[in-house]
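Here is a short tour of a model for you to follow on screen. Please keep the sequence and the 3D view side by side as you read.

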Amino acid sequence: MNKTYECMVLVSNQEVRKGWQACKQSIVDLFGKHKAGVVSARRWDERRLAYPIKGQQRATYLLVYFQCDHLVPAAIRRELDFHDSVLRHMIFQCEEVPAEAHEPEVAFDEARVGEDGTPSTPAPAPAAAEPATEPEPATEPEASAEAPEAAEETKPAEATEEEQNQ
Amino acid sequence: MSDLDFDRDFEEGRGRRGRFQRFTRGKVKAEPTQPIDYKNIEFLSGYVSAQGKIVSRKRSGFSGQNQRKLAIAIKRARFLGLMPFVGRS
């Protein structure tokens with residue numbers, strides 16, 4: 001029984017600069033080699049990695065949707081492990097192929113793909129005063145936070161009484 | 001147990017409710033505003049702490065099912081270099 005799978009492949013930018021179509025085709029051929037029906041294969045993004053992978057700071061992401069038998073992904077994983085231009089990959093089952101996957105690939109200049117350590121598009125300057133994007137806690141703040149303030153307010157009055165007693 | 005014993009226990013904080021029992025508030029449920037997907041980095045970044053840890057259900061307000069989806073999506077994004085394991089990108 002055929003199932004739909006999603007595969008995200010990190011491709012080295014050095015290989016992409018040599019020729020994106022050839023690089024992409026070499027990866028897509030691996031899927032065809034194991035009789036997996038490729039539904040869609042398109043460049044998802046080129047971005048800076050959150051941490052270096054195999055010495056690379058930037059990589060191009062290739063997103064592939066394919067349909068095959070449940071035994072095939074293991075064989076494809078093995079093939080991708082030994083592919084020279086693949087930095088990392090991940091295959092997992094998905095419910096359905098999204099509509100975006102059928103859209104044509106956005107054209108880009110292969111020769112000017114961002115080199116390591118030099119982003120192709122300058123990142124916006126981080127705003128220092130920008131509040132944290134962390135979601136607010138679902139629970140309301142406890143009323144006990146106001147208690148210390150109330151305690152401080154009562155302290156001076158007590159202190160004055162003690163002075164009067166002395 | 002005599003009434004005298006009960007009064008003494010109550011004064012010392014060993015009443016029927018227990019000394020360390022706390023008032024629990026009702027859980028506030030929340031639904032994800034965007035689809036939980038490992039490619040949706042901006043959305044996922046809102047559910048990690050400054051150290052890069054996945055926030056708890058108490059903070060996210062998600063149901064158990066959505067919290068599991070969130071955790072899986074964040075872990076996939078980390079593996080693919082889209083999100084850092086430690087700290088914030």
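## Confidence and conventions

What is the mean pLDDT of chain B, and what share of its residues reach 70 or more? The mean is 84, and 69% of the residues reach 70 or more; pLDDT is the predictor's confidence in each residue, on a scale from 0 to 100. Within chain B, confidence is lowest in helix α1 (residues 3–11), with a mean of 62, and highest in helix α4 (residues 64–79), at 96. The model as a whole scores ipTM 0.70 and pTM 0.70.

This is a predicted model, in which local features need pLDDT of at least 70 and side-chain atom pairs count only at pLDDT 80 or more, while totals for chains, interfaces and linings use all residues. Residues are numbered from 1 along each chain as its sequence is written, and chains are lettered from A and ligands numbered from 1 in the order in which they are written.

## The sheet of chain A

Chain A holds an open sheet of four strands in the order β2-β3-β1-β4, with antiparallel pairing. Its edge strands are β2 (37–53) and β4, each pairing on one side only. On average, neighbouring strands of this sheet are turned by 20 degrees against each other, direction ignored. Helices (H or I, at least four residues) and strands (E, at least two) are DSSP runs, numbered from the N terminus, and two strands pair if DSSP finds at least two bridges between them.

Strand β1 (residues 3–12) of chain A is mostly covered, with eight of its ten residues buried. Buried means 20 or more other C-beta atoms within 10 Å of a residue's own; exposed means 12 or fewer, and partly exposed lies in between, with C-beta atoms placed from the backbone.

## Partners of β1(A)

Ten bridges join β1(A) to the antiparallel strand β3 (residues 56–68) of chain A; there, M8(A) has L63(A) as its bridge partner. Seven bridges join β1(A) to β4 (residues 86–93) of chain A, again antiparallel. In β4(A), Y5(A) stands opposite Q93(A), and E6(A) has F92(A) as its bridge partner.

## A buried valine in chain B

V48(B) sits in the loop between α2 (41–45) and α3 (57–60) of chain B. Why does V48(B) count as buried? Because 22 other C-beta atoms lie within 10 Å.

Not counting residues up to four places away in sequence, V48(B) touches K53(B), I54(B), V55(B), I74(B) and R88(B); contact here means C-beta atoms, placed from the backbone, within 7 Å. The C-alpha atoms of V48(B) and I74(B) are separated by 8.6 Å, although the two are 26 residues apart along the chain.

Notes:
Two residues are in contact if their C-beta atoms, placed from the backbone, lie within 7 Å. Axes are lines fitted to C-alpha atoms, for helices over the stretch in contact, and angles run from 0 to 180 degrees between N-to-C directions.
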